[in-house]
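The entries follow in the order of looking.

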Amino acid sequence: MQYLLLIYRNEAEQAKMDASELQKMTAEYRAFTQSIIQSGNFKAGDALQMTATATTVRVRDGKMLTTDGPFAETREQLGGYYLVEAKDLDTALGIAARIPTAKVGSIEVRPIMVYE
């Protein structure tokens, strides 16, 4: 089964990180990504640009409305994702717990809908 692991972090806290902290986190992400590629769990994944670059789209009364920024005001922002293949939810949760941002943010694990 496939699971989407949504990575949430506080952008303001990340912006305070110095170059060595960012390098350390990047190295942790590279190691994690390589480990799930080698185990066969990796399907896709990417980091997202900061929420200041986001645009939210809504359609109301047949008209498209756009708003700069994310839809929800939250303390943590969606920063990236991994799409993984896992035999069950417990396996997906174990993979999610190894994502470096799980130590300072949160990882939402969602099963992918399978259509018959």
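Entry 1, terms and ground rules. I call a residue buried under 20% relative accessible area, exposed over 50% and partly exposed in between, with a 1.4 Å probe and protein chains only. This is a predicted model, so I note that local features need pLDDT of at least 70, that side-chain atom pairs count only at pLDDT 80 or more, and that totals for chains, interfaces and linings use all residues. Residues are numbered from 1 along each chain as its sequence is written, and side-chain values use heavy atoms, with hydrogens and water left out.

I looked up pLDDT, the predictor's confidence in each residue, from 0 to 100. The protein has a mean of 92, and 97% of its residues reach 70 or more. Helices (H or I, at least four residues) and strands (E, at least two) are DSSP runs, numbered from the N terminus. Confidence is lowest in strand S3 (residues 55-60), at a mean of 87, and highest in H2, at 97.

I count a salt bridge when a side-chain nitrogen of Lys or Arg lies within 4 Å of a carboxyl oxygen of Asp or Glu. How many salt bridges does this rule give? The count comes to four.

One of them joins Glu 13 and Lys 16, with N to O at 3.2 Å. Glu 13 is partly exposed at 44% relative accessible area, and Lys 16 is exposed at 61%.

Which residue forms a salt bridge with Lys 24? I found Glu 28, with the closest N and O atoms 3.8 Å apart. Both residues lie in helix H2 (residues 19-38), four residues apart, or about one turn of the helix. Lys 24 is exposed at 57%, while Glu 28 is partly exposed at 24%.

Glu 28 also meets Lys 103 in a salt bridge, N to O 3.4 Å. Glu 28 is in helix H2 and Lys 103 is in the loop between helix H3 (89-97) and strand S6 (106-111), so this pair ties together parts 75 residues apart in sequence. Lys 103 is exposed, with 63% relative accessible area.

I pair rings of Phe, Tyr and Trp (its six-membered ring) if their centres lie within 6.5 Å; planes under 30 degrees apart are stacked, over 60 edge-to-face, and the rest tilted. The structure holds two aromatic pairs.

Phe 32 and Tyr 82 have ring centres 5.1 Å apart and planes at 80°, so I list the pair as edge-to-face. Phe 32 is in helix H2 and Tyr 82 in strand S5 (residues 77-85), 50 residues apart, and the pair links distant parts of the chain. Are Phe 32 and Tyr 82 buried or exposed? Both are buried, Tyr 82 at 6% relative accessibility.

Phe 42 and Tyr 82 are also edge-to-face, 6.3 Å centre to centre with 75° between the planes. Phe 42 lies in strand S2 (residues 42-47) and Tyr 82 in strand S5, so the pair ties together parts 40 residues apart in sequence. Phe 42 is partly exposed at 27%.
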